[in-house]
Amino acid sequence: MADSVPVYKDLASIYSEDALPTQKPRWEHLLAKFEQKYQRKAEFVSRSPGRVNIIGEHVDYNLYSVLPMAITADMLIAVATSPAEGEATIRISNVLEKFKDRTFQIKGGDVEIDASELEWSNYLKAGLKAALQLLQSKNLPAGQKPVSLDIMVDGTVPAGGGLSSSAAFVCASTLAAIYANGLHQVDKIELTDLAIVSERFAGVNAGGMDQAASVFGVKNHALNISFTPSLKAKAVAFPKTTPALTFIIANTLVTADKHTTAPVNYNLRVVETALAAEILAKKYGLTLPQDKGPLGISLRGFHDAYYTKKNGKAADPNSEEFDDQLQELCQKIVTETFTNEEGYTHEETAKLLGISVDEMSKRFMSRFPVKAEKFLLHQRAFHTFAEALRVKKFLAICETTPSETLERLGGLMNASQISLRRRFHCSCTEIDLLTAIALEHGAYGSRLTGAGWGGCTVHLVGEDKVEAVKKAMVEEYYKKKFPKLTDAEIEEAIVVTKPGGGACVWPAS
Ligand code: NG1
Ligand code: MG
């Protein structure tokens, strides 16, 4: 059955009780700003939250499942519509004045985006562009044209902080544009798929986890998101433990700007894992199916193809057989295939693929340009299979709540961080420092969340240790490293959050 984006008339349905006292004045401020700016009232607000990934890092683009949760911080877009005479005009403004007002037009049913520039309105344009494609495919009543929009934006997800402000923005924008044009029942899967496409319009080769978490968020639950054979989000309840399980999110305040660093980090990892998948397939005489990985193939594709050949069929991803396969893939198959842990030069990699260096560049490196002397195929593939297995183990513990649940969950998060640091090379000194401080003061598990190279960290902490861990972070990290920060700024960098609800629409009347 189709699952539609909820339409809520009250804030209590959107936020948890403890968030309401800060959210209510914020919404009032947004609506007042809207009226002041446009001399009329907003008709509705679309909302989509940021997310924190609990475990399953850098596996979504290889189509393994992940375990994020939506957070309270979100993107709000207040909108009023008017019928367009000729081309529709979009006026956008932000409650924060540093984001300058912009006006643009929809031309021939499309929006132009210059993705080479880091410009805040691009995310709104990207959402609108994706929404217009959907509206066209729905064959709206003849003669119905995209409407003009007056928009006021307010976001509380820190930009470049690993909590996916970009996904919150594109999801809220896409939703706003669809709703404004009269489609009031928005299917969650359709919205997520559009938002993924939309983020790619804005220039980032996104996996899919962030948009799915933002759209499907469920209060007090994590989300097990799987990507194949089709997108699914299953709400996962946290185990009841003593002390109560809590997550602290701490921002390193080092911004990892994907637009400038992608060729040597994020996009390079996408390419390295795709190269590993293709080399493994060649070694075992398999042809990989075209799938939803950013380069059309994935390690998951190899996984299923390999065991289909061996056993006659692929294993159910929820089975123990699947876990055993993941174990065998990293311990045996990756280790035996990629014996050189120093990495492979372009020439060596092309040789393993049985193609020329030119052909390899064309196939793997033209869509997302990358820069690297060597490809660390062993480490990247090993991490992917091992991390996919950790997600499965984490889920199993949440379901069965064995003895020492907190220690076990924390242990998996720590193993994830070690692998991200040693095999995926996406940690940094600031992340290493914050995770060490948290562990030393009683956190069960600490790791980076999101792409890494800066951004946020996530810590599993018993309720009784929250204050001690926070205090240690303030004294030993923030005050030492950023002595000029005010107490309020430090306060903002550390968030103790409950899992929040996902995307929704709030109609003004
Ligand atoms: P961040 O950088 O936190 O938005 C990125 C990807 C995810 C996922 C993680 C690593 C985008 C928009 N998001 O997250 O899809 O691959 O890295 O697990 O590129
Ligand atoms: Mg992002």
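In which helix does Phe394 lie? Phe394 is part of helix H13, which comprises residues 377-400; helices (H or I, at least four residues) and strands (E, at least two) are DSSP runs numbered from the N terminus. The structure is a predicted model, in which local features need pLDDT of at least 70 and side-chain atom pairs count only at pLDDT 80 or more, while totals for chains, interfaces and linings use all residues. Residues are numbered from 1 along each chain as its sequence is written, and chains are lettered from A and ligands numbered from 1 in the order in which they are written.

The protein chain has an average pLDDT of 94, and 97% of the residues score at least 70; pLDDT is the predictor's confidence in each residue, from 0 to 100. An ipTM of 0.96 and a pTM of 0.93 are assigned to the model.

The secondary structure of the protein chain consists of 17 helices and 14 strands. Its radius of gyration is 23 Å, close to the 23 Å that the globule rule gives for 509 residues, so the chain is as compact as a globular protein of that length. This radius is taken over C-alpha atoms, and the globule rule is 2.2 Å times the number of residues to the power 0.38. The C-alpha trace spans about 70 × 55 × 45 Å along its principal axes. Of the 509 residues in the chain, 50% are buried. A residue is buried if 20 or more other C-beta atoms lie within 10 Å of its own, exposed if 12 or fewer, and partly exposed in between, with C-beta atoms placed from the backbone. Among contacts between residues at least 6 apart in sequence, 73% join residues at least 24 apart; two residues are in contact if their C-beta atoms, placed from the backbone, lie within 7 Å.

Phe394 counts as buried because it has 24 C-beta neighbours inside 10 Å. Leaving aside neighbours within four places in sequence, Phe394 is in contact with Ile55, Leu67, Leu409 and Leu412. By contrast, Ala84 is found in the loop between strand E2 (67-82) and strand E3 (89-94) and counts as partly exposed because it has 16 C-beta neighbours inside 10 Å. Apart from residues up to four places away in sequence, Ala84 touches Thr89, Lys145, Pro146, Val147 and Ser148.

Helix H8 (residues 266-283) is largely enclosed by the rest of the structure, because 15 of its 18 residues are buried. From first to last C-alpha, H8 reaches 26 Å, close to the 26 Å expected at 1.5 Å a residue; the expected span is 1.5 Å times one less than the number of residues.

For residues 32-80, an unreviewed UniProt entry lists "domain: Galactokinase N-terminal". Over residues 32-80 the chain is 14% helix and 53% strand. The UniProt annotation "domain: GHMP kinase C-terminal", also from an unreviewed entry, covers residues 404-478, where the chain is 57% helix and 15% strand. UniProt positions are given in the numbering used here, feature names are shortened, and annotations may be inferred rather than shown by experiment.
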